[in-house]
Amino acid sequence: MEEKQVLLDVKNLRTSFFTDSGEVKSVNDVSFHVNKREVVAIVGESGSGKSVTQLSIMQLIQSPPGKILGGEVWFRGENLLTFDQKKMRTVRGNGISMVFQEPMTSLNPVITVGNQLTEVLRVHHKGMTKKEAWERGIKALEAVGIPDPEARMKNYPFEMSGGMRQRVLIAIAVACSSELIIADEPTTALDVTTQAQVMELLMSLVQENGTSLIVVTHNLGLVTRYADRIYVMYAGRIVESGTAETIMKHPRHPYTLGLMESVPRLDSEKGEQLIPIQGTPPNLADIPEHCSFYDRCKYACEECLNKPHPPLREVEEGHCIACHLDVRGGREHA
Ligand code: SF4
């Protein structure tokens, strides 16, 4: 069996925002890794810290009010958190690319797609002529399935559909030969058919180019089909991690169980009722000492209130949960 090589190793990452209401602990001691050619999903509700984690990795946190307070981000044998912005620019695009939810904010509206593509290419490939970059840009658009790529190079972003613009961003990542693509809610703004197409496109990059992929999403149902491994985040922490198959078939953290019941999945029975998780996440400026899911957890007991927030522990090989109990499909094993 081929040995897995770690491409990205995030250790004990902590990022806070210092606001008038106090310190908002958005990322609270988060550790995870991505292997080469692997698809990892980071799943959680809005405000769970999943996007801030990725922005911290890229050093794209707006400071102030944001600040990375600690941790390590190892990529290609170097800790990115020791890099200054100039050195980080060589990593962004060239090593790691980010594809955002709304491509309109990432693409410059007054520059044609072709000029944006060639500009990025020439920054990352020193000595490349304009003509060479233009031709490579056409190939990149072709690779992401954009019809008539030569004509599309002359379009402005507003002349394209949302799905097409998302493909352009992925084309930029392809053109830069990024080793890792971080796709933050890549399909949220798209219709269902285009969602599937964009996910299939990202998957083909993993298979054909050997790229690794992090998909950040609130939609557990979407990623169980595509991801190798899943990390579930809640209130700035990882509360469950494991292979996609394990998380899908044997979730053991009450929050993950709640997520599974609240979203439609590919294996959902027709007419199966969706049950939303009651309540709201805690205020990240005032996180309780005890388990942060306590107020919403149907399995909560006295032990959960009296003990500090549970650390992640391995319950079976490669499967971790941050819970004092071990809840398996509704049966408790304390
Ligand atoms: Fe629920 Fe207790 Fe587990 Fe927290 S520690 S998720 S409150 S059972």
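A residue counts as near a molecule if one of its heavy atoms lies within 4 Å of it. With that in mind, let us look at this predicted model, beginning at the ligand.

**Around the ligand**

The ligand takes up the space of the largest cavity. Around it are the cysteines Cys291, Cys297, Cys304 and Cys323, together with His253 and His324. Phe293, Tyr294, Tyr299, Pro254, Ala300 and Leu325 also belong to this set. By residue class, the shell divides into 10 nonpolar and 2 polar residues, with no charged ones.

**The protein as a whole**

Stepping back, the fold is built with 12 helices and 14 strands. Its radius of gyration of 21 Å is close to the 20 Å that the globule rule gives for 334 residues, so the protein is as compact as a globular protein of that length. Here are a few overall values side by side.

| Property of the protein | Value |
|---|---|
| C-alpha box along the principal axes | roughly 70 × 50 × 45 Å |
| Buried residues | 51% of the 334 residues |
| Contacts between residues 24 or more positions apart | 63% of the contacts with a separation of 6 or more |

**A stop at Gln85**

Where does Gln85 sit? Gln85 is found in helix H2, which covers residues 85–91. Setting aside neighbours within four places in sequence, Gln85 is in contact with Gln59 and Arg92. Gly242 is 157 residues away from Gln85 along the chain, and their C-alpha atoms are separated by 33 Å.

Key. Residues numbered from 1 in each chain as written. Predicted model: local features only at pLDDT ≥ 70, side-chain atom pairs only at ≥ 80, totals over all residues. Heavy atoms only, no water. 1 Å grid on protein atoms, 1.4 Å probe; cavity = no way out; pocket = protein on both sides within 12 Å on 5 of 7 lines; lining within 4 Å. Sits in = over half its atoms within 2 Å of the grid points. Nonpolar A, V, L, I, M, F, W, Y, C, P; charged D, E, K, R; others polar. Helix = DSSP H or I, 4+ residues; strand = E, 2+ residues; numbered from the N terminus. Rg over C-alpha atoms; globule rule 2.2 N^0.38 Å. Buried < 20%, exposed > 50% of the residue type's maximum accessible area, 1.4 Å probe, protein only. Contact = heavy atoms within 4.5 Å.
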